[in-house]
Amino acid sequence: LRRKRGLGVFSVACAMGTAAYTQDGSFGPFEPFFSFEQRLEYSDNPDLDEDGDSDFFGRSLLNFRLESTTQVSNLAFALDTNIEEGRDDQSSLDFTNSGALVVYNRSVSRSELGFSARYRESDVNSDNLDRDFDQDGNVISQTSGTRQSYGFDLNNEIRKDMPIGARFNLSYNEINYQDFDEDDFDDSDRFEVSAAIIARPTPSFSPRLVFEYSDFNTEGTGVDRERIGAGLGADMRINSTLSADAELRYDNIERSGGETGTDDGISFDSSLSRATKTGSIGLTFNTDITSNDDGRRSDLSFNHDIALPRGNSLSYSVGITRSDGTGVDPLLALDYSYALPTGRISVGLSQSVSSNTDNEESINTRLRAGYTQQINNLQSISADLSFFNRNDLSEENDDGQRLEVGLSHSYGLTRRWNLVSGYSYRFSSRETEDDRTSNTVFIGLSTSFP
């Protein structure tokens with residue numbers, strides 16, 4: 001029943017999005033982009049198993065994008081997949097890490113409409129970890145299995161800058177696990193809707209009436225959660241450089257399935273921001289009712305965004321998070337980009353608190369770093385690093401880490417074709433299991449157009 005409902009909601013949302021952009025009927029020219037890379041790879045442990053076997057095989061990487069942009073709208077389609085050829089223990093052609101995305105945005109007069117639909121399939125032993133694994137940290141410790149996620153988002157705002165306006169958001173996301181080496185991964189879906197009626201009595205003060213609803217369902221022994229919230233909020237411009245936002249809600253959360261009970265109370269979210277000559281600084285404070293044994297969770301953070309010379313940028317935040325059950329933990333974030341004369345360096349750090357299907361919390365940390373350098377007209381090199389850490393707060397699950405390092409080189413053979421080669425290293429660790437490592441080298445050809 002849950003799966004049928006999920007597919008039904010997803011189909012309706014796609015139809016709504018299609019109707020939204022076909023009403024106008026006018027689009028600019030569609031601009032295509034296509035890239036293809038064919039590799040020969042050798043890995044001493046391609047599946048990242050504890051006692052994995054080596055393998056020599058082919059891999060094809062395909063990416064296609066189609067986009068149309070006008071003064072009032074943007075429509076984009078994207079498809080990508082990863083094909084493994086000639087693996088010892090698989091079929092002759094094995095499609096992995098496939099994804100699809102549709103995005104539409106439209107802004108006319110005093111209204112805005114946005115719609116997106118997405119699908120992503122990820123093998124847990126690949127080096128293609130998705131960003132939404134930040135909210136699903138237990139996956140990094142698995143040695144086999146495929147994680148499928150799909151969903152949509154629909155956003156609409158009407159009567160912008162008018163005395164009375166409204167905002168509406170609807171989203172759906174479903175996650176399915178297939179062939180995992182552990183049986184405690186439950187499929188789940190989440191449906192969320194929020195609405196706000198916004199008044200603008202003055203240019204500097206905009207109060208709003210808000211309503212929120214979310215329904216989280218899980219199979220197996222997981223905990224279903226249904227939340228209803230309603231309250232008041234306001235956006236305030238204090239002076240030409242200082243602005244604030246505050247929202248006070250009453251939240252009610254009903255738990256069923258693996259746990260039963262009710263959590264209710266007042267939630268409060270607020271932010272203060274000041275514009276500077278080179279960016280902005282801000283302070284945020286949130287305290288929200290949660291549905292697990294950790295109780296109310298509160299966050300306090302300082303944020304700073306800086307626009308640096310030559311298109312460089314730096315943003316960071318320093319904060320803490322606290323719950324009644326787990327105490328105080330730091331929360332840090334960093335995003336830095338620096339342009340070299342013929343290259344670029346980027347560094348990113350993010351930390352977030354998430355709950356799994358069993359209603360257990362963890363703090364997930366992701367660190368990434370990248371370096372690209374154009375050596376001459378024909379050659380370029382790149383290096384990247386990705387590190388993920390799961391800190392389980394419930395003490396029921398193991399902590400885990402995943403490290404990935406990659407080096408690559410590209411040499412232009414013709415105007416369209418490049419000779420590519422590289423090396424990658426992967427490492428996975430879990431408290432109750434042996435560490436797992438993998439070394440991979442590859443060589444191949446790549447092309448793209450336009």
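Student: How many bridges join strand β9 to strand β10, and how do the strands run?

Tutor: Strand β9 (residues 205-218) and strand β10 (residues 223-237) run antiparallel and are joined by 12 bridges. Two strands count as paired if DSSP finds at least two bridges between them. The strands themselves are DSSP runs of E with at least two residues, while helices are runs of H or I with at least four residues, and the numbering starts from the N terminus. This is a predicted model, where local features need pLDDT of at least 70 and side-chain atom pairs count only at pLDDT 80 or more, while totals for chains, interfaces and linings use all residues. Residues are numbered from 1 along each chain as its sequence is written, and side-chain values use heavy atoms, with hydrogens and water left out.

Student: Which residue in β10 is the bridge partner of Glu-212?

Tutor: Glu-212 has Gly-229 as its bridge partner in β10. β9 and β10 form a hairpin with 4 residues between them, and Gly-220 in that turn has a positive phi of about 75°.

Student: Which strand does β10 join through 15 bridges?

Tutor: That is strand β11 (residues 242-257), which runs antiparallel to β10. These two also form a hairpin, with 4 residues between them. To find your place in the pairing, look for Met-236, which stands opposite Ala-244 in β11.

Student: Now salt bridges. What is the general idea?

Tutor: Side chains of opposite charge can pair when their charged atoms come close. The rule used here asks for a side-chain nitrogen of Lys or Arg within 4 Å of a carboxyl oxygen of Asp or Glu. By this rule the count comes to 26 salt bridges. One of them joins the side chains of Glu-37 and Arg-39, at 2.6 Å from N to O.

Student: Are Glu-37 and Arg-39 buried or exposed?

Tutor: Buried means under 20% relative accessible area, exposed means over 50%, and partly exposed lies in between (1.4 Å probe, protein chains only). Glu-37 counts as buried because its relative accessibility is 15%. Arg-39 is buried too, with a relative accessible area of 16%.

Student: Where do Asp-47 and Arg-87 sit in the chain?

Tutor: Start with the contact: the side chains of Asp-47 and Arg-87 meet in a salt bridge at 3.2 Å, N to O. This pair links distant parts of the chain, with Asp-47 in the loop between β1 (30-43) and β2 (55-69), and Arg-87 in the loop between β3 (73-85) and β4 (93-108), 40 residues apart. Asp-47 is buried at 15% relative accessible area, and Arg-87 is buried at 6%.

Student: Which residues are linked in a network of salt bridges?

Tutor: The network includes Arg-208, Glu-212, Arg-227, Asp-245 and Glu-247. Elsewhere, Arg-255 and Asp-263 meet in a salt bridge of 2.8 Å, N to O. Arg-255 is buried at 15%, and Asp-263 counts as buried at 17% relative accessibility.

Student: What does Thr-447 touch?

Tutor: Contact means heavy atoms within 4.5 Å. Not counting residues up to four places away in sequence, Thr-447 touches Phe-34, Ser-35, Phe-36, Arg-416 and Trp-417. Thr-447 belongs to strand β22 (residues 433-449) and is buried, with a relative accessible area of 15%. Thr-447 and Phe-34 are 413 residues apart in sequence, yet 8.4 Å apart in space, C-alpha to C-alpha. The side chain of Thr-447 also reaches the backbone oxygen of Arg-416 at 3.0 Å.

Student: Is Arg-310 buried or exposed?

Tutor: Arg-310 counts as exposed, at 60% relative accessibility. Arg-310 is found in the loop between β14 (297-307) and β15 (313-323), and its phi is positive, near 60°.

Student: Which peptide bond is cis?

Tutor: Look at the bond from Phe-449 to Pro-450, which is cis with omega near 0°. Pro-450 is found in the segment after β22.

Key:
Polar contact = N/O pair within 3.5 Å; in protein donor to acceptor, adjacent residues only side chain to side chain.
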